[in-house]
Amino acid sequence: MAFKIKVLKKVQFNDPILIEGLPGIGNVGKITLDYLIDSLDAEAFLEIYSNSFPNSVFVNENNLIDIPKMTFYSKKFKNKEFIFLGGDFQPVNERGSYELCEQVLELFKKFNGKKIITLGGIGLPRIPNNPKIYATANSKAGMNIIDDKRVNKKIFGTVGPIIGVTGLLAGLAIEHKIDAICVLAQT
């Protein structure tokens, strides 16, 4: 798969946290990430294009065509640096997902990043009245980072595989010595 990286703005980082949220089960990750980007007024600094992205185009708010891309945004907030990774899709096949995740991990290492949070949903047959939040990590140290009592860390047997970029990015981060946490909400 070929990737084209377009730098929109040069940004220097010192130990940023990457937060990924792409469409998936219930669009939980995408909706959450879009909310964070909008409410924090994060700034786009890099775009990724690939032939593993859907073979379609999107019509933007100016009624013009946009080619599928993933966008990295940055924001400093409360003395921490954040990188947000969002888009309107996931790669169309498994190979594309693996290659995209490796590309993201390589870029993140160049930004001196060491922690990743991925966002996703747990599909239920009916909309829950009080949705629960679950989390897992790619290491015991990562599990210790999760200290909010509202987040259930007993996830084994509750969900099946965590599919797409949300699961794969956290899983592949192990090989890059990057701590990763998956946060999943019932939908």
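1. Aspartate 88 touches Pro23, Lys30 and Phe58, leaving out residues up to four places away in sequence; contact here means heavy atoms within 4.5 Å. The C-alpha atoms of aspartate 88 and proline 23 are 6.4 Å apart, although 65 residues separate the two along the chain. With lysine 30, aspartate 88 makes a side-chain polar contact of 3.0 Å (a pair of N or O atoms within 3.5 Å, where one must be able to donate a hydrogen and the other to accept it; residues adjacent in sequence count only if both atoms are side-chain atoms).

2. A word on the basis: this is a predicted model, where local features need pLDDT of at least 70 and side-chain atom pairs count only at pLDDT 80 or more, while totals for chains, interfaces and linings use all residues. Residues are numbered from 1 along each chain as its sequence is written, and side-chain values use heavy atoms, with hydrogens and water left out.

3. Phenylalanine 72 is in contact with Leu18, Ile48, Ile83 and Val104, among others, leaving aside neighbours within four places in sequence.
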